[in-house]
Structure formats: C-alpha cells, structure tokens
Amino acid sequence: IIYDVACQWSVNFHDRVDQSYHLSLPQSIKILPAIGKFHLSAHKLPCFARYSLNFITGAGHIDGEILETLWVPFN
C-alpha cells in the first residue's frame with residue numbers, strides 16, 4: 001500500500017484491523033507499506049531504505065503519486 005505517511009500508519013495497522021468489527025485480513029496476506037517518491041524526500045533518512053519503492057520487489061518503476069496528479073485540475 002502506497003501512502004504518504006505509511007511509516008506512521010503501518011506501525012499499528014494490524015492491531016487496528018484485528019480490533020475492528022468491520023475489517024479483516026486473510027492470514028496469508030502480506031501488506032508492504034511504501035511511500036511515494038515525491039513524499040519520501042520529505043521524510044527522515046531511515047524511512048528511505050524501508051519504504052522506498054526502489055527496494056520493493058515487484059514495484060517496478062512507479063512513483064506512487066498518480067492519484068494526486070489526477071486531482072490537480074480539481075484544485
């Protein structure tokens with residue numbers, strides 16, 4: 001999941017899902033948090049290696065920011 005503040009929400013993500021009446025995840029699913037390339041530059045250095053799309057196998061060449069670029073005409 002690519003999110004601007006994945007380094008923050010991913011800390012308690014599984015606990016929140018487990019405590020929710022409406023949410024559930026299969027035990028076999030693996031959630032890999034990532035931060036889009038534009039927003040990653042504003043984070044602390046330790047976030048880069050852990051959440052960069054450059055180091056996630058299978059991510060390919062994606063910046064993770066496409067939705068925000070589509071919103072520009074609506075601002």
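In what order do the elements of the protein run from the N terminus on?

1. From the N terminus on, the order is α-α-α-α-α. The protein has five helices and zero strands; these are DSSP runs numbered from the N terminus, helices being H or I of at least four residues and strands being E of at least two.

2. Some notes on reading the values. This is a predicted model, in which local features need pLDDT of at least 70 and side-chain atom pairs count only at pLDDT 80 or more, while totals for chains, interfaces and linings use all residues. Residues are numbered from 1 along each chain as its sequence is written, and side-chain values use heavy atoms, with hydrogens and water left out.

3. Overall dimensions and surface. Along the principal axes, the C-alpha atoms fill a box of roughly 35 × 30 × 25 Å. The accessible surface is about 6,200 Å², and 60% of that surface belongs to carbon and sulfur atoms; areas come from the Shrake-Rupley method with a 1.4 Å probe, and for residues only the protein chains shown count as cover. Of the 75 residues, 23% count as buried, where buried means under 20% relative accessible area, exposed over 50%, and partly exposed in between (1.4 Å probe, protein chains only).

4. Contacts along the chain. Contact here means heavy atoms within 4.5 Å. Among the contacts with a separation of 6 or more, 52% are between residues 24 or more positions apart.

5. Charges. There are 5 positive and 6 negative side chains, and the centres of the two sets lie 9 Å apart. Lys and Arg count as positive and Asp and Glu as negative, with His and the chain ends not counted; each charge is placed at NZ of Lys, CZ of Arg, CG of Asp or CD of Glu.

6. The largest nonpolar core. Seven residues make it up: A6, C7, W9, I35, L40, C47 and Y51. A nonpolar core is a set of buried Ala, Val, Leu, Ile, Met, Phe, Trp, Tyr and Cys residues joined through side-chain atoms within 4.5 Å.

7. The cysteines. How many disulfides does the structure hold? The number is zero, a disulfide being a pair of cysteine sulfur atoms within 2.5 Å. C7 is in no disulfide, and its nearest cysteine sulfur is that of C47, 3.8 Å away. Leaving aside neighbours within four places in sequence, C47 is in contact with C7, L40 and S52.

8. Two loop residues. S52 lies in the loop between α4 and α5 (66-71) and is buried, with a relative accessible area of 1%. Beyond its neighbours within four places in sequence, S52 is in contact with L40 and C47. I35 lies in the loop between α2 (13-19) and α3 (37-40) and counts as buried at 0% relative accessibility. Although I35 and S52 are 17 residues apart along the chain, their C-alpha atoms are separated by 6.1 Å. With neighbours within four places left aside, the contacts of I35 include A6, C7, L40 and Y51.
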